[in-house]
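Please consult the sequence and structure shown below while reading.

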Amino acid sequence: MAESQQQFADNKVDLKGDNDHHDDDINNLESITLVEGGPNLLLREKQPLVSNQTSHRDEVAECDDKHLSGVLVHSESRTISGHWVWKRLQDIRNSFHHVILGTKLNCLLLCIPVAIFMVHADYGKGWIFVFSLLGMLPLAERLGFVTEQLSYFTGPTVGGLLNATFGNATEIIICVFALKDDMIRVVQLSLLGSILSNMLLVLGCAFFFGGLVHSNDQKFNKGTAQVSSGLLLMAVMGLLFPAVLHATHTELEYGASELSLSRFSSIIMLAAYSSFIYFQLRSDKEHSNDAEEEQGDSGFLRPNSHVLTFWDSIFWLTALTIFISVLSQYLVDAINGASAAWNVPLPFISVIILPIVGNAAEHASAIMFAVKDKLDISLGVAIGSSTQISMFVIPFCVIIGWPMGTQMDLNFQLFETATLFITVLVVAFMLQEGTANYFKGLMLVLCYLIVGASFFVHRDSLDPHCTYSAH
């Protein structure tokens, strides 16, 4: 009996060991599947269960990662694109705000569509002239602003060239259209009027209002003023000899000699003005280097005052030039009709009215800087602009008229040349002391009134469209 019980216990232990070994085989190594051939026939496939499950999970996880990565990349790309578009829209809005709404003259922009409508509706020449002139006022002021913004990216040399070219872009565009229509007298008189307006009216108002605000005499850089006065006297020389040669009838060939002399003198004047620009830029660079050496490591940083990007400046420069070109064409076509309709001499319109409106922005700038006791900047606006016109714009018109077949010369006639000569002498005497006050400004303004009255009673015998009466 005892032997039977012991044998039963041993068998039970063996059975338990077999079961444990069988469970380990099933759970750890193999999978059991039922195949055809009988319900009791088992086939052991050597495919690990745990490896299968892990591999499947890895494949699913990998697919999920790839899908999620693709979604994230696409989402990030859309986010970057959206940020770029939004930033670009903000840049356009800011540039529009600074260029169009950044001036108090923006209300005059409404005159542009009015002028275009009047031209197509064939209104009177006088009204077309008025609205075209008023529409050009904010465009000319904004053109100077955009040119200044562009100079921050081009450097001092190119910036000086841009300021020389686009600073008087309005006058240049008007002159090009007038030369195309062979209106040489309009070109000569309008450029002469710009010089007289800047030297007498603009500078006179700056001296006068600056002197009223500041009781003591205001001082400015006498050396720079004398250099500008010398250039103006050189311009008078270039205009005086062709006029005297024509008036005295001493040229070798009538008309041809003074034209050849004018073209030769224009080339010399352009070379002299280019040298002046180079000299001025180099002097400014040396002064700025000296100022930096004096400051040392004080941590002073020049403020970044540009508000437009490079390409925004290029875009607005192109757009403003196009609109100024359109209005300039309207202005040139209507000036003779306006002179006849108003019974006002053409020299008075060209020498007095055109420059006063066209240089209104410069008038305001010169007065503002003089009131702030920055008279050197006022002189740069007034005398610098006169120097640009006399030494750059006038010779440029003579040279560009050469291939156009237009006989533009430096013979501004004796009356106009004498007026310019006396004006340059008066201004040179006013600047020789290096000081300014309200009395000097009043004298310059009164001289401009005399000049205006002289051109109101002056009849231009060379104007073939002159149909008015000066009485």
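## Basis for the angles

The model discussed here is predicted.

## Helices α13 and α14

The axes of helix α13 (residues 414–431) and helix α14 (residues 438–456) cross at roughly 175° and come within 11 Å. The two helices, α13 and α14, are therefore roughly antiparallel to each other.

On the α13 side, the contact involves F415, E416, T419, V426, V427 and M430. Their counterparts in α14 are K440, M443, L444, C447, V451, S454 and F455. Nine residues of the contact between α13 and α14 are nonpolar, two are polar and two are charged.

## Helices α7 and α13

Helix α7 (residues 222–247) also packs with α13: the axes come within 9 Å and cross at roughly 160°. This makes α7 roughly antiparallel to α13. The crossing of α7 and α13 is left-handed.

From α7, the contact draws on K222, A225, S229, L232, L233, V236, L239, L240, A243 and A247. From α13, L414, T417, L420, F421, V424, L425, A428 and L431 take part. In the contact of α7 with α13, 15 residues are nonpolar, two are polar and one is charged.

## Cavities

The structure contains two cavities of 30 Å³ or more. The second largest cavity has a volume of about 30 Å³ and is lined by F129, I174, V186, L331, V332, I335 and L354. Helix α9 (residues 310–342) contributes the most to this lining, with three residues. By class, the lining of the second largest cavity comprises seven nonpolar residues, with no polar and no charged residues.

Conventions
Residues numbered from 1 in each chain as written. Predicted model: local features only at pLDDT ≥ 70, side-chain atom pairs only at ≥ 80, totals over all residues. Heavy atoms only, no water. Axes fitted to C-alpha atoms, helices over the stretch in contact; angles between N-to-C directions. Helix = DSSP H or I, 4+ residues; strand = E, 2+ residues; numbered from the N terminus. Parallel < 35°, antiparallel > 145°, perpendicular 65-115°, else oblique. Contact = heavy atoms within 4.5 Å. Nonpolar A, V, L, I, M, F, W, Y, C, P; charged D, E, K, R; others polar. Left-handed = near helix turned anticlockwise from the far one by under 90°. 1 Å grid on protein atoms, 1.4 Å probe; cavity = no way out; pocket = protein on both sides within 12 Å on 5 of 7 lines; lining within 4 Å. Points joined across faces, edges and corners; volume = space filled by probe spheres on them.
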